Structure formats: structure tokens, C-alpha cells
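The following questions and answers examine how one protein chain is arranged. Please consult the sequence and the structure while reading.

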Amino acid sequence: KAIESGIRLMHVWEDDWNNPVKRNILEKKILHKLGVSDRRIFARKTEVRPVGAKEANRFMVENHIQGAIRGALWIGLYHQDELVACMCMKRKQDGVFDLVRYATSCSVVGGMSKLLKYFKNSNEWTEIYTYAHLDYSHGDLYEKTGFEFSHITAPGLWYVKGSVRHRREKFMKHKLPGLLDGFDPSLTASENMRNHGYLRIYDAGSIKYVMKN
């Protein structure tokens, strides 16, 4: 209903907002959505280059809300030797890649298109898929660059205690005996977590997009 009414919502987590680095990323996202980014570069004025993992992950920590990631193929756009956009692809199987990160340090017009074109021309691929996290994205960029809507995922489960948020994967039931004092195997994972003061919370889910060759 919000999107149909022309309203764009962002789902901001308190722990992200209280983190100075992530708050800066969120503030830049808000400015970009309002069309008032303080710096704008056209992709045609940039150069595509492979990016080393150390530089790429530092860039992601500074510019992507989900931060660094391991074991990936990195390519970037450089403007006067400054990395201004970076894309991360992970090979999932022969010809199938997951676009797991794309971030910019400023508004890079045409940046995603230029990096995608370079990647597709440099690799054997049959499918590329990616996810737009509905907490802070609406998928516009992927739709503009040739991806097709696949489906919307279920909201993701998190646990929170005090001001600390944890991914549910950390507290799967088979891991709980080593994490919780007084773990009760007759109870579900969520019941055990509740008994130890953890609350269940949910994100907004994601949109999956797919591009086929």
C-alpha cells in the first residue's frame, strides 16, 4: 500500500543507527533516495578494474550496510584512481553467480550497468541472481539493469537481547547446548531463547531478482 501511494519506507535498526559507520551509510541512502547526494559521478568517466579483497572489503565496510564478505570475485569502478563503486559476485555452480554486494561511495550514474556489462563479457555465465533487501531497498536498480522479479522472501528472523541483535543462524537448536546455560532439549529453540531473555524480531524480507543469459 505504501509503494502504491508513492511512499518509500526504510526499516532502520536501532543498533545500526547507533553505529557511527552504519549510520553514515544509512544517512547517505536517505539522501540518495531524496535525490540530494552531495557528489555525482558518471560511469563513463570511470575505469573498470579488478579489486583486491582487502581494498574491496574495506570499501564495503564503509559503504554497504551488510559489510564485508569472503570468497568472492570483486570488480570496481575507479575515478581518478579512487574506488567509487564495487561489485561482488560469488560463483554458486557452473555458470550461476550470486551478486552479493554492490555499493558506491557517492552517486555513480550508470555504475551498476557498467560493472554488469564488464562481468558478463568477461565470464561464462548462464544465470545471475541477487536480492534487494526490503529493509532499505525497493529493487529499482536491479529492474533498471535487466534483472527480472522472481519472488519476495519471507521476513528474516533475528533475536535481540538488550541492545544486541543476533542472526537466527547463530542460535539454531543444535548449537544451543553450548550457548545457553540450562538448555532444555524438550523445548523448541525459540522457547529456550525466550527463557533466556531473548526476544524474536523480524526484518522486512527481500525481493529475489534473476537474470538469464
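Predicted model: local features only at pLDDT ≥ 70, side-chain atom pairs only at ≥ 80, totals over all residues.

Q: Which strands stand at the edges of the open sheet of seven strands, and why is one side of each left without a neighbour?
A: The pairing in this open sheet is mixed, and the strand order is β2-β3-β4-β5-β7-β12-β8. Each edge strand has a single partner strand, so one of its sides is left without a neighbour in the sheet. The strands at the edges are β2 (47-50) and β8 (148-152).

Q: What angle does the direction of helix α4 make with that of β3?
A: Helix α4, residues 111-122, packs on the sheet. The strands that α4 touches are β2, β3, β4, β5, β7 and β12. With the direction of β3 (73-79), the direction of α4 makes an angle of about 130 degrees.

Q: Which residues have the most contacts inside the largest nonpolar core?
A: This core has 26 residues. At least two of its residues come from each of β3, β4, β5, α4, β7 and β12. Isoleucine 128 touches Leu99 and Leu116, among others. The residues with the most contacts inside the core are Met87, Leu99, Leu116 and Ile128.

Q: How many residues does the second, separate core have?
A: Among the members of this second core are Met60, Ile69, Cys86 and Cys88. The number of residues in this core is twelve.

Terms used:
Residues numbered from 1 in each chain as written. Heavy atoms only, no water. Pairing = 2+ DSSP bridges. Helix = DSSP H or I, 4+ residues; strand = E, 2+ residues; numbered from the N terminus. Contact = heavy atoms within 4.5 Å. Axes fitted to C-alpha atoms, helices over the stretch in contact; angles between N-to-C directions. Core = buried A, V, L, I, M, F, W, Y, C linked by side-chain atoms within 4.5 Å. Buried < 20%, exposed > 50% of the residue type's maximum accessible area, 1.4 Å probe, protein only. Lists of a residue's contacts leave out its neighbours within four places in sequence.
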